[in-house]
Amino acid sequence: MRWPREVPELGWSRGGDRRVSVLAYGVGLGFRAVGERHCVGARGNVCPLGAVVPGRSTGGRCAECARLDRAHSVAADTMADDPRTYRVYLAWFGPGMVKVGITGEERGAARLREQGAVAFSWLGRGPLMAARRTEEVLRAALGVPDRIPYAKKRAVRGQLPGPEERAGAVAELYARAAALEGRGWPESLERLPLEVVDQVGVFGLDRAPDPDPDPGRSVREGGTAPVRAVRESAPAPVRAVQELVDGGVVAGRLVAAAGPDLHLAVADGSVVVLDTRLITGWDLTSVTRAAEATEATGSDVHVPLIDIGGGGVQGGLF
């Protein structure tokens, strides 16, 4: 799952062939997992062991490939001589959930979309180590975490406050951060003005197609389905895919997306969240008809699900 622009994209590979599917809200999406889940390798290289990885792992890598992948990341602090310009950002994910982070300036806001930041503002720009130092100072002084679990983001995504409150929360955090300028803030980091960017519309969280009156229609991988009338707000997701299994099917209409998550409207009228990090490493085949998944279960999602926010697991296959 990638967010190079203000629309989500899914990257696919088959042997040496790679392609990208640009997703759109209201479009049908369906697939069946086949076989076992294998490590996706690191830094563009295949896993030398072809290791099998657990279905619930969001990393999709074996321990060795995960170590190698992280060793060359900005987060590992092994790139102190990186000549690129970096930006420090302030991100808001929901009430009480804010964080400070950095990203390469050339990436724009892609990192904020990848994390599912509902609203954000840039704070400053400068060399990597200055951005990193500012990030550390602000985390300690403001008492904000370095990461927020996706499970917590999902739990509040369907109950977000209005745009004024979202913007106000970011502005308040910006004011607190700006007040620290000169108190551990590196001189080489240029402060940027407050400019709140709200991504609710980008993620489709402000609208959703009405329930499809024909849940047995064709749903093909990357195919299209008719876009229904638009409601004012998306229905709150209540369940999330816990893992894929051999033969497991996920099918529905994309009504929203945030970070790695796809919000799929399914046959019973509810919304199920699929964390696309769970599909890396699986062989997938297309689902020609949603009815294929309903024959035995009455649902077009036939994988283990978990309740969002409640922590309760719904056992068996759905």
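Biologist: How many salt bridges does a search of the whole structure find?

Modeller: The search finds 21. The model is predicted, with local features needing pLDDT of at least 70 and side-chain atom pairs pLDDT 80 or more, while totals for chains, interfaces and linings use all residues. Residues are numbered from 1 along each chain as its sequence is written, and side-chain values use heavy atoms, leaving out hydrogens and water.

Biologist: Why is the contact of E64 with R67 called a salt bridge?

Modeller: The term requires a side-chain nitrogen of Lys or Arg within 4 Å of a carboxyl oxygen of Asp or Glu. The closest N and O atoms of E64 and R67 are 2.7 Å apart, so the pair qualifies.

Biologist: What separates E64 and R67 in helix α1?

Modeller: About one helical turn, because they are three residues apart in that helix, residues 63–71. Helices (H or I, at least four residues) and strands (E, at least two) are DSSP runs, numbered from the N terminus.

Biologist: Why does E64 count as partly exposed?

Modeller: Buried means under 20% relative accessible area, exposed means over 50%, and partly exposed is in between (1.4 Å probe, protein chains only). E64 has 47% relative accessibility, so it counts as partly exposed. R67 is also given 47%, and therefore falls in the partly exposed class.

Biologist: What makes E190 and R125 a salt bridge?

Modeller: Their side chains meet at 3.2 Å, N to O, so the pair passes the cut-off. The pair links distant parts of the chain, with E190 in strand β7 (residues 190–191) and R125 in strand β6 (residues 119–127), 65 residues apart. E190 is partly exposed at 42%, and R125 is partly exposed at 25%.

Biologist: Are R132 and E135 buried or exposed?

Modeller: Both R132 and E135 are buried. Their side chains meet in a salt bridge at 2.4 Å, N to O, and they lie three residues apart in helix α3 (residues 128–142), about one turn of the helix. Elsewhere, salt bridges that share partners join R154, R157, D261, D275 and R277 into one network.

Biologist: How many aromatic pairs does the structure hold?

Modeller: It holds two. Rings of Phe, Tyr and Trp (its six-membered ring) pair if their centres lie within 6.5 Å; planes under 30 degrees apart count as stacked, over 60 as edge-to-face and the rest as tilted. The ring centres of W3 and F203 are 5.4 Å apart and the planes stand at 75°, so this pair is edge-to-face.

Biologist: Why does the pair of W3 and F203 tie together separate parts of the sequence?

Modeller: W3 is in the segment before β1 (9–14) and F203 is in helix α6 (residues 200–203), so the joined parts are 200 residues apart in sequence. Both W3 and F203 are buried. F120 and W122 form an edge-to-face pair, at 5.4 Å centre to centre and 75° between the planes. F120 and W122 are both buried.

Biologist: What lies over the face of W122?

Modeller: R87 does, at 5.2 Å from the ring centre. A charge sits over a ring if NZ of Lys or CZ of Arg is within 6 Å of the ring centre and within 35 degrees of the ring normal. K153 lies over the face of Y150, at 4.0 Å from the ring centre.
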